[in-house]
Structure formats: structure tokens, C-alpha cells
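Dear colleague,

Please find below the structure that I am handing over to you, together with its sequence. My notes on what was found in it follow.

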Amino acid sequence: MNPHVLQVVYSLLKPFLFRYDAERVHEKAINIIQRTRNYSLPIYPSLSVTVFNHTFSSPLLLASGFDKNGLLVDCISSFGFAGEVVGSITARPWLGNEKPRLFRLPKEKSLLNRMGLNNDGAEIIGKRLEDKTGYAISIAKTPDPKLIGDKAVEDYVYSYRLLKHLGLFTEINISCPNTEDGKTFEDQKSLNILLDALLEDGKGRPLVIKISPDINSETLHDIVQASEERVDGYVATNTCRVEHPQIGRGGLSGKKLQSVSLGVLRRLRSQTSKPIIYSGGIFTGGDALLALSLGANLLEAYTGFIYRGPTFAMKVNEELDFLLLAQGYSSINEMKEEQTS
């Protein structure tokens with residue numbers, strides 16, 4: 001189906017859709033997107049970027065969390081995205097937390113989720129993706145509270161060995177809690193152990209680690225110190241853990257996360273020259289330009305897709321192209337070159 005037709009329908013139905021359970025609407029959206037194939041889109045040469053030796057038509061990817069099971073990789077480009085990040089994928093199939101577990105916060109243009117990493121598992125998803133292109137993979141630990149210490153590391157390693165040869169890059173989500181008390185692999189000692197184990201049998205596709213917006217400057221510095229010689233880049237950031245007064249705990253994404261994520265991006269860029277994939281409140285071309293100007297090389301978006309609708313990525317690309325030209329740049333590459341000169 002034509003994404004522009006879908007946008008008209010979505011705009012008309014949005015007030016009604018937002019009255020229904022967010023996860024059920026999301027599942028319906030996945031089904032509709034799967035039926036869209038090979039729709040021709042405008043090409044913006046100004047937006048082309050090369051990262052990890054791959055040339056992306058634009059810097060904008062669909063973030064992990066939207067397509068957990070890799071069902072959309074054949075059709076997501078028809079919606080204007082330059083690719084997508086599948087997952088997060090865990091070693092074992094996982095049902096996730098009890099429902100409801102996905103909530104809209106319209107006034108804040110944000111989402112709160114406590115999905116619990118529901119997915120089909122590394123083996124099934126890996127087979128599904130074997131002959132596909134245009135995607136990256138996000139790996140997380142199976143959220144079984146019994147998997148701690150060496151068992152938690154082994155869980156990551158199992159998924160990595162199955163999936164590391166697939167996709168454009170591999171994103172290791174170190175910022176999801178791996179114990180009942182919320183401990184993550186962002187602890188320097190734990191991260192060193194994890195990276196040693198992951199790379200014991202060699203690296204596959206370019207390896208990036210995904211960090212939290214909640215970390216302080218000291219922890220961020222420790223992460224970079226532990227990672228810099230072993231990874232190919234970073235993702236800034238994951239969702240922000242919050243306790244909502246009505247909804248309860250969950251991970252916050254969208255506009256309310258933007259300023260915090262941009263702060264992490266600034267600090268991270270001052271400590272590394274490696275590629276950074278920015279995620280956190282991308283809604284417009286202006287948001288995209290700001291993140292790129294602060295040092296991002298690629299962008300991931302999810303919540304903006306929910307709120308702006310099917311033509312979200314197309315609009316962001318059009319707006320970004322216009323803003324670049326308005327500021328006197330012929331391309332993102334020219335802007336980046338001026339920043340580093």
C-alpha cells in the first residue's frame with residue numbers, strides 16, 4: 001500500500017487509534033507495513049552517508065524495539081528509512097512482561113514501555129534474516145533473573161555467535177538490567193569480561209555498544225576506556241528508566257528523552273572519534289540536523305514514527321535536505337568536513 005495513502009488514513013484515525021491499547025495497534029501496524037513493497041521515494045544525494053563501509057541513502061534508521069523479530073526488513077525502505085535495527089534479540093525466545101506494557105504519553109510526545117524484551121529468540125530470528133539485507137541487529141541478555149554472572153555472559157555470547165555474521169552491524173545492548181536489582185553491563189569490570197568473551201572467537205560485523213542516558217560522566221568515561229580498542233562505535237542512547245506516577249516503571253523514549261540523550265552524545269563525542277549512532281527524540285529534520293551537528297553519524301528513530309505516522313521518515317529526510325541547503329551545505333559530508341577542519 002502507498003505510504004502516502006496510509007498517512008491520510010492514519011491522520012483520520014489517529015484520535016481513535018490512540019484510545020486503544022498501544023501494543024495491539026502496534027501489532028496491526030506491523031501487519032500493514034509488511035504488505036508495502038518497492039514504493040519509489042525521492043532521492044536526496046545530500047543525505048548519503050558512509051558508515052562501517054556501507055553507504056546509507058540517509059542517516060535515518062528505524063530503531064530497535066519497533067521490529068523485534070525482523071519482519072519488516074524487506075519493506076521498511078518504502079517508508080523512507082535507510083534501514084532498520086532488528087531486536088533486541090535474546091538467546092532464548094521470551095514472552096516479555098505482563099500486559100499492558102506499552103503506553104503513549106501524547107502531551108510529552110513520548111512512549112513508556114516495559115515490554116520485557118519479547119522476541120522469537122536468536123535461532124529463529126537468525127534463520128529469518130539469513131538472506132536479507134538492509135538491517136542491523138541488536139542483542140540483549142535474556143531477561144531471566146536467574147542468568148547472572150558467567151551465565152549472563154554466556155547468554156550474550158550464544159546470541160553473538162549465531163548472529164554476528166548477519167546485517168550491517170551488531171549492536172550489543174549493555175544498558176538493559178541483567179539482574180533483579182537493575183545492574184547492567186555498563187559497569188567497567190563487567191563490560192571488560194563481556195567484551196573479552198564476545199571477541200574470543202573473533203568479531204563478525206562491526207560491533208557497537210548501546211548505552212543508557214542515565215549514566216554519569218565517570219561511568220561514560222569508564223565505558224569508553226573499556227571499549228575503545230575493541231568496538232567499532234557506540235549507540236547513544238537507550239530509553240531512560242523512570243517511575244511514572246500513573247503508569248509505573250518503564251523505559252521512556254521520545255521528546256522527553258531528547259535533551260538527556262543529546263547530553264550523552266556531546267560527552268561521548270568528546271571522548272571518541274568512532275561512529276556514534278544517536279537515538280533519542282528524533283521527530284523532525286531539525287532534530288536530525290542537531291544530532292548530526294553534535295557528532296552523530298547515524299540516527300535511530302521510533303517514537304517519531306508513532307506520532308507523525310507512515311510518512312515520518314520521508315518528512316524528516318525532506319526537512320533535513322532543506323535545512324542543509326538553507327545553511328549553505330551541499331551534503332551531510334560537507335557539514336561534517338567543516339566541523340572537523
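Helix α2 comprises 13 residues, 22-34, and reaches 18 Å from its first C-alpha to its last, close to the 18 Å expected at 1.5 Å a residue. That expected span is 1.5 Å times one less than the number of residues. Helices (H or I, at least four residues) and strands (E, at least two) are DSSP runs, numbered from the N terminus.

Please note that this is a predicted model, in which local features need pLDDT of at least 70 and side-chain atom pairs count only at pLDDT 80 or more, while totals for chains, interfaces and linings use all residues. Residues are numbered from 1 along each chain as its sequence is written, and side-chain values use heavy atoms, with hydrogens and water left out.

The buried residues of α2 are A22, E23, H26, I30 and I33. They lie on the same side of α2 because they cover an arc of only 90° around the axis, the arc being that of the directions from the helix axis to the C-beta atoms. On the other side of α2, R24 and K28 are exposed. Here, buried means under 20% relative accessible area, exposed over 50%, and partly exposed in between (1.4 Å probe, protein chains only). The buried residues of α2 pack against β5 (102-105) and α9 (303-308), where contact means heavy atoms within 4.5 Å. At the start of α2, a side-chain oxygen of D21 comes to within 3.2 Å of the backbone nitrogen of E23.

Helix α2 also contributes to a pocket. The second largest pocket holds about 590 Å³ of space, and its lining has 26 residues, with Y10, L17, V25, A29 and I32 nearest its centre. Two or more lining residues come from each of α1 (3-17), α2, β5 and α9; α2 gives the largest share, 8 residues. On a 1 Å grid over the protein atoms alone, a pocket is an open set of points where a 1.4 Å probe fits, with protein on both sides within 12 Å along at least five of seven lines; lining residues have an atom within 4 Å of a point. Its volume is the space filled by probe spheres set on the points, which are joined across faces, edges and corners.

D144, between β7 (135-139) and α4 (150-163), is buried at a relative accessible area of 13%. Not counting residues up to four places away in sequence, D144 touches R92 and W94. G202 lies in the loop between α5 (188-198) and β9 (207-211) and counts as partly exposed, at 26% relative accessibility.

Yours sincerely

How values were computed:
Polar contact = N/O pair within 3.5 Å; in protein donor to acceptor, adjacent residues only side chain to side chain.
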